[in-house]
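The entries follow in the order in which I looked things up.

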Amino acid sequence: MNYYSTNKQAPLATLKEAVVKGLAGDRGLYMPEEIKRLPDSFFRDMKDMSFQEIAFVVAEAFFGSDVEKETLKQIVYDTLNFDAPVVQVTDRIYSLELYHGPTLAFKDVGARFMARLLGYFIKKEKQNNVNVLVATSGDTGSAVANGFLGVEGIHVYVLYPRGKVSKIQECQFTTLGQNITAIEVDGTFDDCQALVKSAFMDEELNKKLYLTSANSINVARFLPQAFYYFYAYAQLLKQGKADQVVVCVPSGNFGNITAGLFAKRMGLPVKRFIAANNSNDIFFEYLQTGHYNPRASVATIANAMDVGDPSNFARILDLYGKSHDAIAADISGARYDNEQIAETVESVYAKEGYLLDPHGACGYQALEDGLKPGEVGVFLETAHPAKFKETVEDIIGEEVEIPVRLQKFMKGKKQSVPLSKQFADFKKYLLQ
């Protein structure tokens, strides 16, 4: 399958080219030429299928024409060596727990898949010294760093905003060493993302270095996130709860909800989506007004959603032919400030005994506020609450136990490179 740029000014690319380049030459994001609708029989049978079996069917629709069947199956099965259970919180609201992977965040799915797919292409082309650039507001860095850790021929540079990720998140990508370099940028996530995008557009850098991205701008990162929407639906179907499903996605860079919209185009019978924002409410504002006004992000306790100019908005616009009415028909919005997020974490824990992380709290509350009679809501619980230990403990007044997998990261020594937000400094560092 070929991939086109959302800016429509770059040549079509193969899957390999789209994955390796990350960003199109006209600064647009790659989109598949076709989104295949899956057969009705798949939706009838999926309630009896495993996560891996479901994901392989979806992966074949995206990647089957470019990757050998057995290789693709191995990539999918290796990626998904953990579960993503749907857990009931109230009579009509369910949590899709996406924190059972190696770094306890939803991005393990896309990061692990991309690492394996890129590794396959590199091995096939006998290409060495590939440099992966990734900007993170928290969980992306750890998922990508751990997904690529030790992969031969690939070096990963993780750019993160100084003082704006949790200590545990920071430990997950600054203590690894080997082929992982953490770059501590004196700025915001948007500054980190701008550095990555500028690097791809710099002619000198691209002549001297083999660059690609592992942010959700990369098709191999965001498309696999469609897997767990199908799996969540299959679990509800098994329980007889799948008639009017509403999915709520805590939204930052919008790769996650875009993957859900792709799933809907492939036939997944989701009634509608809700995009839950924190105080960085650019998309919520767009839904209300039809005007998109990106601006500097502000820091919140749901830090992975602190994005002032979400990259994947371009894909949503493209998917709906730039029609505000069409977008608003499928997606509604909600926004919550720090105080409201904290109130949700506290009340749900007290009433239901379910501990939310700050991002999942936005998703839960949007369903609590927005579900209509007869609808069943699923929100994406995108990371384990222990990744935001201090914040969550301050809210509930109790100690949050740190899972063993997180504890091992906290024992390592932090290694990071301090850098300004100026592209000239970043370019100089990469060239050295």
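Predicted model: local features only at pLDDT ≥ 70, side-chain atom pairs only at ≥ 80, totals over all residues.

Which residues in α11 meet which residues in α12? I listed Y228, Y229 and F230 on the α11 side. On the α12 side I found N256, I257, A259, G260 and A263. By class I counted six nonpolar and two polar residues in this contact, and no charged ones.

Then I looked up the geometry of the two helices. α11 covers residues 227-238 and α12 covers residues 255-265. I got an angle of about 60° for their packing, with the axes 8 Å apart. I noted the crossing of α11 past α12 as right-handed.

Next entry: α5 and α6. Helix α5 is residues 107-125, and α6 is residues 139-148. Their axes come within 8 Å, and I have the crossing at roughly 35°. This crossing is right-handed. From α5 I listed K107, D108, A111, M114, A115, R116 and L118 as making the contact. The α6 residues I listed are D139, T140, A143, V144, G147 and F148. I sorted the residues of this contact into seven nonpolar, two polar and four charged.

A probe the size of a water molecule, rolled over the atoms, shows where empty space is left. How many cavities of 30 Å³ or more does a search of the whole structure find? I have six.

I took the largest cavity and noted a volume of about 260 Å³. Its lining holds 25 residues, and F106, K107, G252, N253 and A304 are the closest to its centre. The elements giving two or more residues to this lining are α6, β9 (245-250) and α12. α12 gives the most, with three residues. By class I wrote down ten nonpolar, twelve polar and three charged residues for the lining.

For the second largest cavity I have about 70 Å³ of space. I listed its lining as L96, Y228, Y229, A232, Y233, L236, V245, V247, L268, V270, V378 and L380. What classes of residue does this lining have? I found twelve nonpolar residues, no polar ones and no charged ones. α11, β9 and β12 (376-381) each supply at least two of the lining residues. α11 gives the most, with five. I noted that Y228 and Y229 line this cavity, and that Y228 and Y229 also belong to the α11 contact with α12.

The largest pocket has a volume of about 450 Å³. I found 24 residues in its lining, with K197, D309, P310, S311 and A314 nearest its centre. α8 (189-201) and α14 (313-319) are the elements that give two or more residues to the lining. Which element supplies the largest share? I have α8, with five residues. By class the lining came out as ten nonpolar, seven polar and seven charged residues.

The second largest pocket has a volume of about 390 Å³. I counted 23 lining residues, of which G163, K164, V165, S166 and N303 lie nearest the centre. Two or more residues each come from α7 (167-174) and α18 (389-396). α18 gives the most to this lining, with three residues. I sorted the lining into nine nonpolar, eight polar and six charged residues.

Last entry: aromatic rings. I counted 20 aromatic pairs, taking ring centres within 6.5 Å as the cut-off. I looked at one of them, F222 with F262. The rings are 5.3 Å apart centre to centre, with 85° between the planes. I logged this pair as edge-to-face, because planes over 60 degrees apart count as such. Where do F222 and F262 lie? I placed F222 in helix α10 (residues 219-222) and F262 in helix α12. The two residues are 40 residues apart, and the pair links distant parts of the chain.

Note on methods: Residues numbered from 1 in each chain as written. Heavy atoms only, no water. 1 Å grid on protein atoms, 1.4 Å probe; cavity = no way out; pocket = protein on both sides within 12 Å on 5 of 7 lines; lining within 4 Å. Points joined across faces, edges and corners; volume = space filled by probe spheres on them. Helix = DSSP H or I, 4+ residues; strand = E, 2+ residues; numbered from the N terminus. Nonpolar A, V, L, I, M, F, W, Y, C, P; charged D, E, K, R; others polar. Axes fitted to C-alpha atoms, helices over the stretch in contact; angles between N-to-C directions. Left-handed = near helix turned anticlockwise from the far one by under 90°. Contact = heavy atoms within 4.5 Å. Phe/Tyr/Trp six-rings, centres within 6.5 Å; stacked < 30°, edge-to-face > 60°.
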